[in-house]
Amino acid sequence: LDTKTPLKISLFSNMCNAVLDPILMFTMAMGVPGAALATLFAEVVSAGSFLALLLKRRMIRWSKIFRLPSWTALKPLLKGGAALQLRNVALNLTFLAVARVTQSLDDNGVAAAAHALAIQVFQLGGVVLLALSTVAQTVVPNEMIERVDPVTGEKSGGKSAAKSLVNRLMSWGFILGIVLGSLQ
């Protein structure tokens with residue numbers, strides 16, 4: 001499992017963004033549109049790099065990129081995606097309703113400011129959870145592969161090792177959730 005190459009590509013595209021942001025925003029006096037152009041350029045560089053790498057490693061082919069997927073391949077993705085989208089819509093409606101009620105609590109905006117701070121902490125928790133789940137999506141399948149060390153003959157990996165890793169990640173998520181929840 002190659003985890004270094006995507007990191008290098010992401011680092012390069014973020015460096016492009018970091019270099020172009022001040023140039024376009026301040027030197028060329030473009031302001032926010034300059035930041036948007038810098039981000040767009042960095043994302044195009046990243047996407048182009050990933051596409052070129054996938055084509056070079058023969059992981060994708062041009063003939064399959066624009067072909068529509070079959071219904072049997074698409075159906076489980078749509079079912080899972082619909083559930084996730086419904087969750088996101090419900091969360092956004094809840095946040096909108098709570099923000100509306102919070103704004104009506106006082107005329108000076110103190111309650112709304114406190115609510116905005118609490119939402120920022122909540123969103124920080126979401127970012128941490130997303131990072132943890134992204135790591136889990138990479139390392140758990142890798143841990144499920146049983147390996148034998150050619151030198152010592154020692155076995156590693158497999159279902160029990162993956163289960164242990166999942167339990168450890170769940171514990172970390174639980175602890176982080178308690179810490180971030182106590183900040184609110």
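## A walk through a helical chain

Read along its sequence, the protein chain follows the pattern α-α-α-α-α-β-β-α. That gives six helices and two strands, where helices (H or I, at least four residues) and strands (E, at least two) are DSSP runs numbered from the N terminus. This is a predicted model, in which local features need pLDDT of at least 70 and side-chain atom pairs count only at pLDDT 80 or more, while totals for chains, interfaces and linings use all residues. Residues are numbered from 1 along each chain as its sequence is written, and side-chain values use heavy atoms, leaving out hydrogens and water.

Let's look at one pair of helices. The axes of H5 (residues 110-144) and H6 (residues 159-183) come within 10 Å and cross at roughly 175°; axes are lines fitted to C-alpha atoms, for helices over the stretch in contact, and angles run from 0 to 180 degrees between N-to-C directions. H5 is therefore roughly antiparallel to H6, a label for angles over 145 degrees. Among the residues that meet are Leu124 and Val128 in H5, and Leu165 and Trp172 in H6, where contact means heavy atoms within 4.5 Å. By class, this contact has 17 nonpolar, two polar and two charged residues; Ala, Val, Leu, Ile, Met, Phe, Trp, Tyr, Cys and Pro count as nonpolar, Asp, Glu, Lys and Arg as charged, and the others, Gly among them, as polar.

Now for the overall dimensions. The C-alpha atoms of the protein chain fill a box of roughly 70 × 45 × 40 Å, taken along the principal axes.

Technical notes: Angles under 35 degrees count as roughly parallel, over 145 as roughly antiparallel, 65 to 115 as roughly perpendicular and the rest as oblique.
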